[in-house]
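Subject: The model, plus some notes

Hi,

Here is the structure I said I would pass on. Have a look at it first, and then read my notes below.

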Amino acid sequence: MNRVVFPAEWYPQSGVQVTWPHADTDWLDILEEVTQCYVTFSKEILKRQKLLVVCPEEDEVVKHFTPEEQKNLIILELKSNDTWSRDHGAISVFINEKPTLFDFGFNGWGLKFAANHDNQITQHLFEQEEFKPEVQYQSKINFILEGGSIESDGEGTLLTTSQCLLAPNRNQPMTQDEIDKYLKKTLGADRILWLNHGYLAGDDTDNHIDTLARFCNENTIAYVKCDDENDEHFDELKLMENELKSFKTSEGESYRLIPLPMADAAYHDGYRLPATYANFLIINGAVLMPTYASAKDKIAKIQLQKAFPGREIIGIDCRPLIKQHGSLHCVTMQFPKGFL
């Protein structure tokens, strides 16, 4: 029987994948602004590990990095619809200790947006031999699963939201019980913690878990907490907090819960944006944390430092990213050690 391990994000990493903004994406109107955001967080990643970049033109990426930084840079020219690598990227697992890429289907968050190019990126990367020779590839294209919709503690527990995984135009007519069993079998999980509450206004993903609550270690969860009773999120996030308080670790203990502040309300073209401090990225030795030019940035950093005492917390201005309704974790996908 195959033993599948879905490593936690804090597992040692070989690199991170990003899909670079270009003129044929929704970033066109703020392309220079968002590119600078990508350059900033990419440089932090390159200090510590490899960066795999999917882009239409290699020269448009290379010019931003020094020769020293380029030593950790891998670039492949491929077409893309957009740049949300967390959701069109591979989910990395170990099957009987062999590194394996699971290529799940991506359909633009329930057929909301075109994804014909994005959905082929993982297969193209594997065919172009961008990974180590021992890395295996498995197509799971008939099951829709975005990386932002699931959290793993690396020890057999998954955290997700029912609003996303049970949303229409993903995997219906599968029931929650059927999806639960499929994910356990495929990802080697013993149990799945389902959140039924919590949302962010302006979110296109049907409430991805990585915008709301995140594993920081096997017994710690950081989550978004709203203290303003007049904020539209207050009731739902309070219900989510109560659910998190009811969850138990695999050892039967309550989780250590670390509240992150609700980001200040931000708007673009009259619509509220899904700004969140939960959309951080764990990399080797550090955590890259979204910031929004707010006094709450400092509070969020202090809280995350409690969750990751051994890692440097580095703020990245993600105001450009939320204009397209995502943030830092959404545009990145890590590969565990042994993949690149």
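A word on labels: helices (H or I, at least four residues) and strands (E, at least two) are DSSP runs, numbered from the N terminus. This is a predicted model, so to speak of a local feature I need pLDDT of at least 70, and side-chain atom pairs count only at pLDDT 80 or more, while totals for chains, interfaces and linings use all residues. Residues are numbered from 1 along each chain as its sequence is written, and side-chain values use heavy atoms, with hydrogens and water left out.

Gln-172 and Pro-173 are joined by a cis peptide bond, with omega at about 15°. You will find Pro-173 in the loop between helix H7 (162–165) and H8.

One is Glu-129, with phi near 60°, in the loop between helix H6 (121–127) and E7. For exposure I use relative accessible area: buried is under 20%, exposed is over 50%, and partly exposed is in between (1.4 Å probe, protein chains only). Glu-129 counts as exposed because its relative accessibility is 68%. The other is Asp-206, with phi of about 65°. Asp-206 sits in the loop between strand E10 (191–195) and strand E11 (213–217), and it is partly exposed at 23%.

Now the rings. Phe, Tyr and Trp (its six-membered ring) pair if their centres lie within 6.5 Å; planes under 30 degrees apart are stacked, over 60 edge-to-face, and the rest tilted. That rule gives 17 aromatic pairs. Trp-20 is buried at 3% relative accessible area, and Tyr-38 is buried at 0%.

Phe-143 and Tyr-182 are stacked instead, at 4.2 Å centre to centre and 25° between the planes. They too link distant parts of the chain, from strand E7 (residues 136–144) to helix H8 (residues 176–187), 39 residues apart. Phe-143 is buried at 4%, whereas Tyr-182 is partly exposed at 24%.

There is also an aromatic cluster made of Tyr-11, Phe-94, Phe-131, Phe-335 and Phe-339. In strand E19 (residues 333–336), Phe-335 points one way along with Met-333, while Gln-334 and Pro-336 point the other way, and all are buried.

Two charges sit over rings (NZ of Lys or CZ of Arg within 6 Å of the ring centre and within 35 degrees of the ring normal). Lys-140 has its charged end over Phe-102, 4.8 Å from the ring centre. Arg-214 does this to Phe-280, at 4.3 Å.

Last, what about the inside? A nonpolar core here is a set of buried Ala, Val, Leu, Ile, Met, Phe, Trp, Tyr and Cys residues joined through side-chain atoms within 4.5 Å. The largest has 75 residues, and those with the most contacts inside it include Trp-20, Phe-280 and Phe-308. H1 gives the most to this core, seven residues. Apart from it lies another core of 19 residues, among them Phe-6, Ile-91, Ile-95 and Leu-187.

Cheers
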